[in-house]
Amino acid sequence: MSTRQATPRFSEREERLLASLTAGGAGTYALIGGLLAVFLWGLVAYATQLRHGLGVTGLRDHVLWGVYIANFVFFIGVSHVGALMSAILRLTGAEWRRPITRMAEAITFASLLMGGLMPLVDMGRPDRLLNLVRYGRLQSPILWDVLSITTYLTGSTLFLYVPMIPDLALLRDRYAGGPAWRRRLYTLLSLGWQDTPAQRHRLELIVRVMAVIIIPIAVSVHTVVSWIFGMTLRAGWNSTIFGPYFVSGALFSGAAAVITAMAAFRWAYRLEDYITEAHFRRMGYLLIALGLAYGYFTFAEYLTPAYKMATAERGYLAAVFSGPFARLFWFTQLTGILLPLLLLTLPRIAWVPRLHRVPLLRPRPALAAAATYAVASVVLPAASPSLTMAGLNLNEWIPPWVLPALAVWLFLAFLPVLHARPITAAVVASLLVNVGAWLKRYLIVVPTLLNPFLPIQRAPAGWAVYQPTWVEWSITAGALAGFLLIYIGFSKLFPIVPIWETREAPESREAAVQEGIVGVAAV
Amino acid sequence: MRISRRSFLKVAAGMAAAAAVGVPASRTRRPREGFAAEVPLPAPRAGPAGPSRRWVMVVDLAKCDGCRECTRACTAMHRVPPGQEWIRVYEMRDESTSLAYWLPRPCMQCDNPPCVKVCPVSATWKREDGIVMQDTSRCIGCRYCIAACPYQARGFNWVEPAATPERTGEPYDPEWNRVHFRGTTEKCIFCPALIKEGKLPACVAACPMGALYFGDREEDAVTNSQGETVRFSALVIEQAGYRLLEELGTEPRVYYLPPRKPQYPAPPPEEPESAGGAGRAVVPTVPRKRIDTAGGVRR
């Protein structure tokens with residue numbers, strides 16, 4: 001569909017920014033189709049659960065919450081940063097925020113929708129949902145969650161919508177080539193915007209007031225999510241710092257999600273002139289600061305009980321530090337916090353490219369060594385069990401320090417590569433942060449439930465362990481697909497980079513170009 | 001409008017009276033399966049459990065031989081769905097050199113109940129007579145109460161229970177709690193329907209050792225299945241009664257008498273019935289009150 005037939009047309013700049021609305025090749029449809037299939041499969045799984053009850057999950061009386069609640073905490077956490085970050089950057093007048101605020105706020109919207117669904121999926125009697133209204137007790141943290149999440153959803157949707165009105169009016173006036181339903185939608189949503197000074201004044205006032213209001217709401221949301229756990233007596237949950245701990249973790253994972261989204265849109269819609277390397281650098285600073293705060297809270301949260309080793313906490317801490325959950329736990333700490341921080345900082349050191357002068361510190365030898373290790377320790381024993389039977393267990397031969405040494409070697413070998421590609425480094429770090437964040441949510445929910453005050457006894461077979469079933473994994477995958485669908489759908493319907501906001505204030509624009517925040521072509 | 005204490009009490013009394021009027025309909029239904037001897041409660045009573053009653057249970061651990069008659073009677077009386085045990089008999093040992101003993105654990109009917117605090121829909125609440133009630137017809141199945149209970153006294157209907165109101169034709173009565181709904185939480189409620197008839201709860205009546213006592217704290221009298229009625233305060237003071245996980249401040253209404261000079265054999269060194277076989281790989285890190293399977297106590 002061409003936009004050039006009608007007379008007031010988009011400028012070249014606007015066309016670039018609206019590429020997400022108009023462009024759509026086979027790849028886009030394949031992606032949307034694939035996501036839709038996963039989402040529908042999740043619905044099939046949920047239908048199974050509705051029909052047969054929660055018995056189709058791996059949940060039982062001991063581990064009574066599992067993957068669903070981990071998803072809930074994860075999605076609410078990811079939702080956290082969009083509106084909050086955008087509000088803080090608006091209030092502090094950070095000019096570089098302009099191209100990325102909307103994609104951050106849209107993450108909040110999509111992720112809150114999916115996160116808010118998760119407790120419903122977890123409910124034993126979703127048919128009695130209205131009891132929360134009919135008999136709701138304000139004393140229960142669940143009601144706090146219901147209120148605060150619905151408030152945040154309403155507030156952040158408005159906060160996403162109101163600054164978009166001028167752009168919707170632009171689409172209404174100039175998107176002549178678009179289908180009729182779209183123009184009707186834009187006409188409806190632009191609320192008669194004529195870009196008069198009075199309207200502008202009012203809009204800016206509203207946005208500024210909303211930016212102030214949305215901050216405490218955003219903080220409250222993840223605080224009360226943590227209080228679901230913090231208000232119980234259970235070891236591992238009975239913690240006074242759970243509120244700020246969860247808030248810091250939410251900000252960390254949310255900022256990482258924004259970086260991933262920035263890179264995806266920049267790549268998919270060729271927004272290199274608007275989302276520049278400088279944006280990734282600045283978001284990287286933010287991620288480093290949030291990661292340090294989160295790491296500090298994690299340390300404080302685990303050290304205080306671990307130092308005392310009180311009776312209640314002992315079993316839970318042992319399970320997490322050295323027991324069945326140790327691998328996952330240390331993975332989240334090393335790969336979910338430490339490694340992203342290193343990836344965001346070390347490649348920026350000036351002498352890093354000189355590392356390649358050492359032949360051994362080039363990617364190929366390091367990769368070869370890693371491949372050898374993988375073959376020796378994983379592939380060979382799996383392929384020929386007879387070797388292991390003959391006492392040739394290679395795993396026993398290889399000293400335990402080899403694995404960390406290999407990791408350091410790989411890291412050093414790829415440092416110069418990441419130095420040349422700072423955006424890749426930021427995206428890899430962000431993805432690691434989000435994988436680690438989900439696993440950490442799982443580790444907050446499950447190990448505590450497996451270490452109650454009274455010993456687990458007389459549990460029927462399979463009731464004292466937690467093994468998520470296909471239903472739970474399908475619904476989780478469906479929720480992730482739903483999140484991406486909402487997000488992509490949003491970018492197909494609405495301009496993902498604010499057009500009027502990136503156009504305004506030309507005097508600050510020159511300064512921005514000098515700072516390297518905005519590419520020259522964008523002016 | 002300010003609600004004075006007096007007007008509040010009036011309203012509460014009115015509501016209690018209204019509740020009492022509604023009772024006879026449910027009273028006519030009896031459990032079908034028989035449960036153990038009907039031992040009458042000692043004192044004459046004016047009416048259904050009213051505000052003057054404060055129910056307590058005392059468990060004499062020295063008398064408990066781990067036969068689990070209490071669990072069976074409870075399961076029969078309430079048709080407890082499989083997987084749940086509203087009174088569960090644990091094999092306990094406080095630390096590796098101390099005595100192993102049996103510990104029946106009903107719902108503690110806490111006076112500071114963590115489950116009641118967190119319930120979002122008042123499906124569980126504290127009655128004036130001390131019982132923490134459960135209305136499974138209102139429960140939304142969020143399971144927050146199970147997470148909050150430190151005694152694991154709550155169970156969940158993960159699958160469709162056998163005895164639903166549709167299948168049995170019996171309407172749901174929270175005081176009998178004999179029909180069940182899928183996707184809801186359930187627990188021991190001290191058999192208020194039996195108390196109302198002047199009988200002991202099913203588990204207490206079924207205990208062949210007379211290890212379980214039940215009674216009214218206001219009246220200072222508790223009775224066991226052997227018909228022995230003793231003063232509650234004297235029993236608890238003389239035998240150094242304690243409450244489970246007292247340090248959590250839940251204020252349970254179940255008291256335990258220590259297993260001093262036990263009259264019956266302690267749990268065997270192995271855990272023969274612990275069906276959570278696979279689970280043990282996950283939980284051996286619970287050091288507290290877990291029987292050391294390697295060196296169980298024999299006397």
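Buried area is the accessible area (1.4 Å probe) that two parts lose on being put together, summed over both. In this predicted model, local features need pLDDT of at least 70 and side-chain atom pairs count only at pLDDT 80 or more, while totals for chains, interfaces and linings use all residues. Side-chain values use heavy atoms, with hydrogens and water left out.

**Interface**

Chain B and chain A bury about 5,000 Å² between them, and 59% of that lies on carbon and sulfur atoms. B:Ile140, B:Tyr144 and B:Trp158 supply 16% of the area that chain B buries against chain A, more than any other three residues. In contact (heavy atoms within 4.5 Å) are 62 residues of chain B and 56 residues of chain A.

**Salt bridges**

A salt bridge is a side-chain nitrogen of Lys or Arg within 4 Å of a carboxyl oxygen of Asp or Glu. Between chain B and chain A the count is 2.

| Pair | N to O distance |
|---|---|
| A:Asp122 and B:Arg143 | 2.8 Å |
| B:Glu219 and B:Arg53 | 3.4 Å |
| B:Glu170 and B:Arg178 | 3.9 Å |

A:Asp122 and B:Arg143 are both buried. Buried means under 20% relative accessible area, exposed over 50%, partly exposed in between (1.4 Å probe, protein chains only). B:Glu219 is partly exposed at 32% relative accessibility, whereas B:Arg53 is buried at 10%. B:Glu170 is buried at 11%. B:Arg178 is also buried, at 3%. Elsewhere, salt bridges with shared partners join B:Arg127, B:Asp129, B:Glu175 and B:Lys196 into one network.

Methods:
Residues numbered from 1 in each chain as written. Chains lettered and ligands numbered in written order.
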